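Subject: Structure for you to look at

Dear colleague,

I am handing over a structure that I would like you to read alongside the notes below. Please open it first, and then go through the findings with the model in view.

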Amino acid sequence: MKIAVIGTGYVGLVTGTCLAETGNEVTCVDIVEEKVNKMRNGEMPIYEPGLDILFLRNIKQERLTFTTNLAEAIAPAKVIFLALPTPPGADGAADLSYVLGAAKDIAKLITEYKVIVTKSTVPVGTADKVTAVMKANTDVPFAVVSNPEFLREGVAVEDFMKPDRVVIGTTDEKARQVMGDLYAPYVRQGNPILYMDERSSELTKYAANSFLATKITFMNEIANMCELVGADVDMVRKGVGADGRIGKRFLFPGVGYGGSCFPKDVQALSKAAEENKYDFKILNSVMEVNETQKKRLVVKMREYYGEGGLKGKHFALWGLAFKPETDDIREAPALYIIDELLAAGATVTAYDPEGMPNVKKLLGDKISYATNRYNALDDADALLIVTEWPVFRTPDFDFMKEKLKSPVIFDGRNLYDLDRMKEYGFYYNSIGRKT
Ligand code: UGA
């Protein structure tokens with residue numbers, strides 16, 4: 001099938017590449033010429049494990065091409081994916097100007113039936129808005145489909161190639177068939193393609209992300225309770241997760257959820273509720289608790305060092321990306337922690353396997369950057385762990401003790417065994433466990 005993907009951000013690039021991998025001919029469109037030229041030369045603009053192999057293979061085999069020319073991309077395409085940004089506007093609601101702008105441009109160019117797919121996370125009612133904008137600009141028949149993505153950064157290729165489910169929101173019979181054919185190769189194991197109306201599909205995306213954010217937040221509060229009553233959240237997590245109705249995934253407490261999706265989507269759903277005169281109380285609490293949780297490590301540090309005790313201290317920080325296997329630092333808890341520490345008069349040296357270039361662009365020399373995990377520890381009063389990169393899991397603890405000024409670790413991701421840390425002689429403060 002011939003496909004056009006508009007927007008080569010995270011979602012667009014993964015979608016385009018993975019669709020080419022099953023034999024479709026995909027043209028990706030972006031307005032930034034430099035980016036398009038780089039991609040043509042096989043340079044990937046994002047870091048995503050496993051994507052590079054598929055990206056290069058499909059470029060080489062000429063199933064994946066790039067252009068700045070919208071008309072050229074959509075003329076042969078049966079399906080046009082909109083994978084454009086929907087940033088939160090000033091009022092917290094998603095800004096649809098890119099999506100609606102593209103819909104208008106596409107409408108003016110089409111000469112035959114096309115399936116237009118919204119892939120970006122868009123508020124309920126967007127398919128109707130896209131339809132209205134297009135109708136105002138063309139008489140050619142078309143269908144608008146809501147097909148939300150459920151990709152996790154870091155494992156996006158696996159999530160696309162073997163999705164738990166594919167959601168297709170359309171009431172257009174022809175579009176339903178086209179989309180079913182397109183996704184059939186990805187659900188051969190038997191996972192469902194769920195057909196529904198556009199609005200249900202749009203809400204499914206927000207509901208899924210908000211539910212997961214709530215699940216994490218609930219565990220973060222349980223972790224805080226564990227500390228107060230002397231329980232161990234690792235035990236509690238396993239105990240509750242073994243119940244099939246709850247499930248063991250997404251129960252890991254930490255320094256709050258971050259990234260480009262959960263914070264934005266929880267806020268957008270809460271805002272949408274408000275616009276419909278509904279007070280979505282749980283979501284409002286989730287946002288409030290998450291704000292507090294992001295600073296949880298600093299609260300622990302303040303308790304340890306006493307009032308004013310952070311001033312003049314130097315800290316090592318492992319992990320800047322909002323989660324492992326990505327260079328994405330959007331809404332990363334590390335940034336909030338760094339802000340608090342700098343404001344309290346402390347200094348920070350950070351290390352992250354992929355996230356440092358992005359943080360350098362943002363913070364410049366407000367903090368120092370280490371060339372490897374151990375160098376970050378030089379002259380540090382304590383180590384803070386904020387992202388659970390695999391490389392942090394089994395370090396040389398004796399060497400760390402030699403490097404650190406004092407053997408103190410504040411761990412926001414519960415990487416280490418409590419007894420082992422005691423044996424090594426560390427003061428080890430983690431989330432929801434005994435100190
Ligand atoms: C999330 C969803 O998991 C995807 O299904 C969805 O498609 C995507 O948003 C999106 O809307 O595009 P992502 O933001 O890449 O994916 O990352 P997650 O792995 O879901 O992690 C989100 C945050 O939750 C991270 O800050 C992570 O550290 C935190 N988290 C996750 C926890 O604190 N505990 C957990 O047990 C799991």
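Over residues 316–418 the chain is 26% helix and 17% strand, with the end C-alpha atoms 20 Å apart; here helices (H or I, at least four residues) and strands (E, at least two) are DSSP runs, numbered from the N terminus. An unreviewed UniProt entry places the feature "domain: UDP-glucose/GDP-mannose dehydrogenase C-terminal" at residues 316–418, and UniProt positions are given in the numbering used here, with feature names shortened and annotations that may be inferred rather than shown by experiment.

Before you go further, please note that this is a predicted model, in which local features need pLDDT of at least 70 and side-chain atom pairs count only at pLDDT 80 or more, while totals for chains, interfaces and linings use all residues. Residues are numbered from 1 along each chain as its sequence is written.

The protein is divided into domain 1 (2–196), domain 2 (206–292) and domain 3 (294–429), with bounds that come from an automatic or database domain assignment. The C-alpha centres of domain 2 and domain 3 lie 24 Å apart, and 11 residues of domain 2 are in contact with 15 residues of domain 3 (C-beta atoms, placed from the backbone, within 7 Å). On the side of domain 2 that touches domain 3, helix α12 (residues 281–293) gives the largest share, 3 residues.

Of the 20 residues around the ligand, Glu-153, Phe-252, Tyr-257, Gly-259 and Cys-261 come nearest, where a residue is near a molecule if its C-beta atom, placed from the backbone, lies within 6 Å of it. Helix α9 (residues 198–229) supplies the largest share of this shell, 3 residues.

Turning to the strands, there is an open sheet of 6 strands in the order β11-β10-β9-β12-β13-β14, with parallel pairing (two strands pair if DSSP finds at least two bridges between them). The edge strands, each pairing on one side only, are β11 (368–369) and β14 (427–429). Strand β13 (residues 408–411) runs parallel to β14 and is joined to it by 3 bridges, and the bridge partner of Phe-410 in β14 is Asn-429.

With best wishes

Notes:
Contact = placed C-beta atoms within 7 Å.
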